[in-house]
Amino acid sequence: MIKINNENTWLNIFLKSQKVDLIISDNRFGFYSPNIPSVFITHQLHIKTGLGKLADGLLQKLNYRRIKKFSTCWVPDQQGTRSLAGELSNPQKMPAIPVQYIGGLSRFTTCKQQTNSIDVLIILSGPEPQRTIFEELVLSAMKLMPEKTVLVRALPKENNEVRVENNCTIYNHASAALLNELICNAEIVISRSGYTTVMDLMKLKKKSILVPTPGQAEQEYLATHLHNQQLAYTVSQASFLLMKALDDARQFEFRLLTMGMEEYKQVIRETIESLP
């Protein structure tokens, strides 16, 4: 609440000295003005707490109370049963303001060619200690794998040294361009099930094994939803065995989604053209 109030205070001061025609807020509740068209971007209209339906319902009411201060809501997903975020983006009850689905968003560029020169690409991410716990699970098994494997540790503060051990290449960190290239060249990707990662994988049309961060209800829900939709293979961290997960994923019948990733441009264009 303090952060939201600080955001709104900063914005009001800014608006006194600047002429603004449109505000687009990427999931920041304080960036709205009653006098200026204000757009709120989120894929979580319904938030999973992991504490049951009562807690989920209460949080949704609080969420909608904040969202309705905006003029409209943009959802980076598609509407309907084949959505990426499932109930998160397509809840039974919608906000009081207009909602527009704008397709997926990804920083990556479409693969020009997919060589599959990397058998397995493993991308670590997320908070500690779970990032390190997952890394230790992966490293112990990688040494026994005959497949060509690449591990991105997601440690940008470490040096840029690249280690090569047998068939394994280990990056402490990968830039967006390098990560884009690695994913395009991978046969299968192992990663967490954060929504940004999911959208990236869908854009690049990659088969994936998703291992949700333990205790993160949103990731756990997304991973289960995508598995049920056959968009990704999912296994919990507690049950994760690298070789078994790969064997199971290679027998899994993937039904990769063709999702619009440029629709947002048209939405932005139409929104700007509608401004007075």
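This is a predicted model: local features need pLDDT of at least 70, side-chain atom pairs count only at pLDDT 80 or more; totals for chains, interfaces and linings use all residues.

How many bridges join strand β9 to strand β10, and do the two run parallel or antiparallel?

Analyst: Strand β9 covers residues 186–191 and strand β10 covers residues 207–210; the two run parallel and are joined by four bridges. One place to look is I190, whose bridge partner in β10 is I209. Strands of a sheet pair through backbone hydrogen bonds, either parallel or antiparallel.

Now step back to the whole sheet. It is open and has seven strands, in the order β7-β8-β6-β5-β9-β10-β11, with mixed pairing. At its edges are β7 (162–165) and β11 (233–234), each of which pairs on one side only. In that order, β9 sits between β5 and β10.

Helix α7 spans residues 242–251, and its buried residues are L242, A245, L246 and A249. These residues are on the same side of α7, because they cover an arc of only 100° around the axis. The cover over them includes β9 and β10, along with β5 (118–123), α3 (130–142) and β11. Our pair of strands is therefore part of what covers the buried residues of α7.

The largest one has 33 residues, and L84, L121 and I183 are the ones that touch the most other members. Strand β9 is among the elements that give two or more residues to this core; the others are β5, β6 (149–152), α4 (176–184), α5 (195–203) and α6. Helix α5 gives the most, with five residues. To see how I183 is placed, look for its contacts beyond the residues up to four places away in sequence: F108, L121, I123, V189, L201, L204 and K206. Apart from this core lies another one, of 24 residues, and I209 is among its members, as are V138, L151 and V211.

Is H225 buried or exposed? With a relative accessibility of 11%, H225 counts as buried, since the cut-off for buried is under 20%. Leaving aside neighbours within four places in sequence, H225 is in contact with S83, L84, A85 and G86. You have met L84 already, as one of the residues that touch the most other members of the largest nonpolar core.

To finish, here is a look at the aromatic rings. The model has eight aromatic pairs. W10 and F14 form a stacked pair, with 5.1 Å centre to centre and 10° between the planes. Both lie in helix α1 (residues 2–17), four residues apart, about one turn of the helix. W10 is partly exposed at 49% relative accessibility, and F14 is also partly exposed, at 32%. W10 forms an edge-to-face pair with F31 as well, at 6.0 Å centre to centre and 70° between the planes. That pair links distant parts of the chain, as F31 lies in the loop between β1 (23–26) and β2 (38–41), 21 residues from W10. Elsewhere, F29, Y32, F40 and F70 form one aromatic cluster.

Conventions:
Residues are numbered from 1 along each chain as its sequence is written. Side-chain values use heavy atoms; hydrogens and water are left out. Buried means under 20% relative accessible area, exposed over 50%, partly exposed in between (1.4 Å probe, protein chains only). Contact means heavy atoms within 4.5 Å. Two strands pair if DSSP finds at least two bridges between them. Rings of Phe, Tyr and Trp (its six-membered ring) pair if their centres lie within 6.5 Å; planes under 30 degrees apart count as stacked, over 60 as edge-to-face and the rest as tilted. The arc is that of the directions from the helix axis to the C-beta atoms. A nonpolar core is a set of buried Ala, Val, Leu, Ile, Met, Phe, Trp, Tyr and Cys residues joined through side-chain atoms within 4.5 Å.
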